[in-house]
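Subject: Structure handover

Hello,

Here is the structure we discussed. My notes follow below it.

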Amino acid sequence: MLKKSLFSIALMCVLPAYANQTLIHAGELLYSADKAPLKRQTIVIEDNKIVAIESGFKKVSDEQTLVDLSTGFVMPGLMDMHVHLQFEIGPHNDVDKVKVSPELMAMRSVHYAKKTLEAGFTTVRDLGSDPQHIYALRDAINKGWVQGPRIIAAGGVAITGGHLDSSGVHHELLDLYAKKTTCDGPFDCRRATRHAIKYGADWIKVAATGGVLTDRATGTGQQMGSDELDEVVNAANTMGRKVAAHAHQEDGIIAALNAGVASIEHGSYAGEKAYQLFNKTGAYLVPTLLAGETVVEMATNSDFMSPAIKKKAIRVGNDMKGNFYNAYKAGVNIAYGTDSGVSKHGTNAREALLMVESGMPTQQVLKSATINSAKLLGLENQLGTIEAGKLADIIATDSSPLDNINALMSVSFVMRDGKVIKQ
């Protein structure tokens with residue numbers, strides 16, 4: 001035992017004191033999106049964590065690694081609370097369902113994940129992918145086998161015939177695509193929730209209302225019953241999971257908030273009653289303005305959408321920005337989310353442009369993509385700001401997005417979990 005202790009002490013003396021340290025010289029540092037940026041700062045990183053932030057550009061020893069961002073704008077890694085890493089909407093989706101193998105779909109997901117990470121989004125919440133493959137991608141990224149953002153993966157719970165259930169294909173294929181987490185009635189929805197968690201869901205996603213891309217003319221009002229929503233949330237919460245609810249119309253938004261969901265996705269037609277409930281419960285709105293913008297572009301400029309989808313796309317997509325601003329002015333908590341997969345992966349920063357265009361101040365937009373998103377995930381002690389003790393998820397742009405939000409479209413440096421991904 002004594003020999004082992006002496007050997008350990010000797011080894012510590014031989015190894016350089018700073019062997020695992022990286023220093024970042026940041027010309028301008030937005031260490032927290034609710035504070036003013038600082039000039040000429042040094043971020044000290046050891047392994048995958050930030051250990052210190054020091055004023056000025058500190059001298060780098062021979063054993064330390066320098067990342068020179070002395071002319072850049074440095075900030076925490078961005079977070080997208082609504083992505084679908086397994087697909088992109090387009091004219092060939094129906095063909096892909098029968099021609100793209102599960103294995104190839106998994107490879108495509110790796111490609112989309114890398115594009116997302118290189119765009120500066122170091123953490124995402126995936127709200128609707130094939131469970132078997134998205135959980136494998138999540139775990140492979142965590143193990144360092146492939147490059148991608150940190151994935152918080154949701155399992156979907158859908159009612160028969162509602163949004164998230166299969167649509168738009170032949171009856172035999174509808175049966176083939178049926179999921180074991182499709183449910184009817186409160187107790188069956190409780191079972192479906194537990195099933196999703198059993199197989200690896202970090203979160204649960206439900207569709208409280210109809211959806212734009214469901215290929216049925218069933219509207220965007222409430223579809224999942226309030227008793228079903230109650231059971232999903234209760235079952236999820238008792239097993240340590242939160243629930244995100246897709247919801248467009250106010251009736252479904254109110255039902256989901258009353259059930260206790262943590263976030264509302266889209267929230268296209270929220271009104272005063274919904275705003276009051278948001279503020280009472282502390283739930284977050286994830287606006288996905290980019291999805292609205294994208295489906296309007298597709299409905300206007302292409303012919304692959306069915307009449308049922310096209311009609312909903314034009315109506316909802318055109319209404320989203322104005323209603324989002326009303327929610328922001330009402331004091332609703334906002335977390336950043338794009339619905340990428342509807343839009344193209346790697347263009348996630350376009351959401352920020354649309355939020356600013358809709359009237360949200362730039363610094364509040366950056367807060368929604370960092371601090372607020374970390375709080376929604378319950379990871380605020382690890383992510384969302386650049387502080388000692390937190391994970392080293394750091395990005396940089398050549399100019400300040402506070403001066404021009406378009407700077408986010410050209411992220412020049414990405415570090416995730418202490419590893420340089422893009423420089």
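The buried residues of helix 7 are covered by several elements, including strand 7 (150-159), helix 6 (186-198), strand 9 (203-207), strand 10 (243-247) and helix 8. Contact here means heavy atoms within 4.5 Å. Helices (H or I, at least four residues) and strands (E, at least two) are DSSP runs, numbered from the N terminus. Buried means under 20% relative accessible area, exposed over 50%, and partly exposed in between, with a 1.4 Å probe and protein chains only.

This is a predicted model: local features need pLDDT of at least 70, side-chain atom pairs count only at pLDDT 80 or more, and totals for chains, interfaces and linings use all residues. Residues are numbered from 1 along each chain as its sequence is written, and side-chain values use heavy atoms, with hydrogens and water left out.

**Helix 7**

The buried residues in helix 7 are Glu 228, Leu 229, Glu 231, Val 232, Val 233, Ala 235 and Ala 236. Just after the helix, Gly 240 has a positive phi of about 75°.

**Cores**

A nonpolar core is a set of buried Ala, Val, Leu, Ile, Met, Phe, Trp, Tyr and Cys residues joined through side-chain atoms within 4.5 Å. The largest one has 78 residues. Leu 85, Ile 204, Val 206 and Ile 264 have the most contacts inside it. Helix 8 (residues 250-259) gives the most to this core, with 6 residues. A second, separate core has 17 residues, among them Met 79, Ile 152, Trp 203 and Leu 391.

What does Ile 204 touch, leaving aside its neighbours within four places in sequence? Its contacts include Val 157, Ala 196, Ile 197, Val 243 and Ala 244. Val 232 and Ala 236 are also in contact with Ile 204, and both are buried residues of helix 7.

An open sheet is formed by 7 strands in the order 3-2-1-4-14-15-16, with mixed pairing. Two strands pair if DSSP finds at least two bridges between them. Strand 3 (49-55) and strand 16 (419-422) are at the edges with a single partner strand each, so one side of each has no neighbour in the sheet. The twist averages 35° from one strand to the next. Helix 3 (residues 102-118) packs on the sheet and touches strand 15 (411-416) and strand 16. The direction of helix 3 makes about 110° with that of strand 15. Axes are lines fitted to C-alpha atoms, for helices over the stretch in contact, and angles run from 0 to 180 degrees between N-to-C directions.

Strand 1 (residues 21-29) pairs with strand 4 (residues 65-76) in the parallel sense, over 7 bridges. Glu 28 stands opposite Phe 73 there. Strand 4 also pairs with strand 14 (residues 394-397), in the antiparallel sense, over 4 bridges. Met 75 faces Ile 395 in strand 14, and Pro 76 has Ile 394 as its bridge partner.

**Thr 362**

Thr 362 is in helix 13 (residues 362-368). Its relative accessibility is 17%, so Thr 362 counts as buried.

**Whole chain**

The chain has 14 helices and 16 strands. Of its 423 residues, 53% count as buried.

Regards
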